[in-house]
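Here are my notes on this model, point by point. Please read them with the coordinates open.

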Amino acid sequence: MNAPAPTKRSRTGTVRRPGDLAFSGASLGSAVLILLILAGVAFFLVMEALPALTAPGEEISGGEGFFHYVWPLVFGTVVASLIAMLLGTPVAIGIALFVSHYAPRRLGSAIGFVIDLLAAVPSVVFGMWGMAVFAPRLVPLYDWLDEHAGWVPFFGDASATGRTLMTASIVLAVMILPIVTSVSREVFLQTPRLHEEAALALGATKWEMIRTAVLPFGMPGVIGGTMLGLGRALGETMAVAIILSTGPFTWNLLGSGNSTIPAEIALNFPEASGLRLSELIAAGLVLFVITLAVNLFARWIVDRRAEFSGAN
Amino acid sequence: MSKRIDVKDLDIYYGDFHAVKDVTMTIEPRSVTAFIGPSGCGKSTFLRTLNRMHEVIPGGRVDGEVLMDGENLYGRNVDPVDVRRQVGMVFQRPNPFPTMSIKENVLAGVRLNSRRLSSAAADELAEKALRGANLWNEVKDRLDKPGSGLSGGQQQRLCIARAIAIQPEVLLMDEPCSALDPISTLAIEDLINDLKADYTVVIVTHNMQQAARVSDRTGFFNLEATGRPGELVEFDTTQAIFNNPSQRATEDYISGRFG
Ligand SMILES: Nc1ncnc2c1ncn2[C@@H]1O[C@H](COP(=O)(O)OP(=O)(O)O)[C@@H](O)[C@H]1O
Ligand SMILES: [Mg+2]
């Protein structure tokens, strides 16, 4: 007989083993640490941003207050990220489905590998490629859009260099592709065989099987992956800073102009001091809040359907 | 509804592995046919060839004919998707779609068959199928709740409702009660008895009493040794198989289990 492991009883009488205690302590510690770091960042941002937020309007860049200064940046950031998400997610889901359900296994893993490699490309490289190679090639497309779909407020006179918010958005779409693809592929592969066969046995074609069993099952994961991608797009600095020839706000996404919060910070931070520095940090605070809101929204969407998630 | 199936010289393979050899049998309409035999002898494999689900597994292929009312399911121009719409299947483990409500589960197959359903027609169809599966009274107040919230036995009857909602000719069941408690098992056995009025029912079971209780005809599968293909040893009325089997192996298997 082994000697019983040393145990302690808690007040409720359940046995508490040292291993469990150590583990729950460690995980509690990590959770608290994360919260502390998050709170620390938030605190730093708020403190440093306060001067800009409370300064009289005419002292802020643009001379009409912080809100007036920051909203075009918010617009640029949000629009670029949304376009990146709208363009990138369907392609990512398509690739993920192809890899998980259509491609022969060898080809599937080869493609998966290439997509993962994309994630390893530094954003500076994406930025340079986007500016030097991709942007000029997009100009004819922009001209075409301007000519044929010019009534859409986002499509105005096209820039001659192609270094526009639209180009930045498309490059961002490519950049978020790997993360959204690999998360989606993972969840699609986890669809229980049982549910796929249930659909097939009802007379589903392959695509119908994917629609009835695979996509609904994977949806929370895909949303999670998309949010990771959106987070990356919202915070992307180098690529946007390099590609976009920044300027004042314009509705026209095909012309130069606009900027995003990360690009604005990266381009101006080195020379900034005093109130200007505080302005930039306040802009960072706004970005932080946007990212937080996006994640809470995604969480809410996933939870709303939790009952139907198949996890019970 | 309800058709007759003639299987002729059917050999079944997983890649190079010869899983079941040379099966010939006739499955009568409006009756229950049961398959028994030791595990691994190819009962599930054979059952899945009757709705072409076998070929869903990579490497799965067959050689021979399965005729449904004279038409070869493996004919050149036959779409397996059409076969599966006529030959429904219930699996060993209940598998309602976790992302769908009870009602949507029942209608899942109908919705695949593309035609748009008015909501009144959908309600009516769901009720009919659920009544057909003896489940209506238990779920009628929670049709919009997830199917995964039901008990195992109810989930299995939900799967039966889902299968009969598309009005198949034949209903295949692979050990439908093996994950269920005795009371749920009884409910399903009663249901099988009702179903044979309208459908050709084929059931695999590891439980010989169950085969004796529910089926009209029984097939005994066996394999000579591991690694050898399974084969159909004897196929006869359930009465004959259990009371005076003509093969020694059948008798051994049945008496071994009962004794
Ligand atoms: N997906 C598969 N791939 C390869 N071999 C399989 C597969 N499924 C079953 N087999 C083999 O086919 C034989 C018959 O299996 P099965 O039909 O499941 O038997 P039973 O249902 O009678 O227990 C077994 O030898 C089993 O190992
Ligand atoms: Mg089996």
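1. Aromatic pairs come first. Over all chains, the structure holds twelve of them. Keep in mind that this is a predicted model.

2. Take A:Phe75 and A:Phe249. Their ring centres lie 4.9 Å apart and their planes meet at 80°, so the pair is edge-to-face; the cut-off for that class is over 60 degrees. The pair links distant parts of chain A, 174 residues apart. A:Phe75 belongs to helix H2 (residues 66-102), while A:Phe249 is in the loop between helix H8 (238-243) and helix H9 (261-268).

3. A:Phe249 counts as partly exposed, at 26%.

4. Both rings belong to a cluster linked by ring pairs. Its members are A:Trp71, A:Phe75, A:Phe154, A:Phe249 and A:Trp251.

5. Chain B has charges over rings. B:Arg61 lies over the face of B:Tyr13, 4.3 Å from the ring centre. The charged end of B:Arg162 sits over B:Phe97, at 4.7 Å from the centre of that ring.

6. B:Phe97 also matters for the interface count: with B:Thr99 and B:Leu112, B:Phe97 is among the residues of chain B that lose the most area to chain A. Together the three make up 29% of what that side buries. Between them, the two chains bury about 2,200 Å², with 66% of it on carbon and sulfur atoms. In contact are 29 residues of chain B and 23 residues of chain A.

7. Two salt bridges are counted between chain B and chain A. B:Arg85 forms a salt bridge with A:Glu208, with the closest N and O atoms 3.3 Å apart.

Terms used: Residues numbered from 1 in each chain as written. Chains lettered and ligands numbered in written order. Predicted model: local features only at pLDDT ≥ 70, side-chain atom pairs only at ≥ 80, totals over all residues. Heavy atoms only, no water. Phe/Tyr/Trp six-rings, centres within 6.5 Å; stacked < 30°, edge-to-face > 60°. Helix = DSSP H or I, 4+ residues; strand = E, 2+ residues; numbered from the N terminus. Buried < 20%, exposed > 50% of the residue type's maximum accessible area, 1.4 Å probe, protein only. Lys NZ or Arg CZ within 6 Å of the ring centre and 35° of its normal. Contact = heavy atoms within 4.5 Å. Buried area = accessible area lost by both parts, 1.4 Å probe. Salt bridge = Lys/Arg side-chain N within 4 Å of Asp/Glu carboxyl O.
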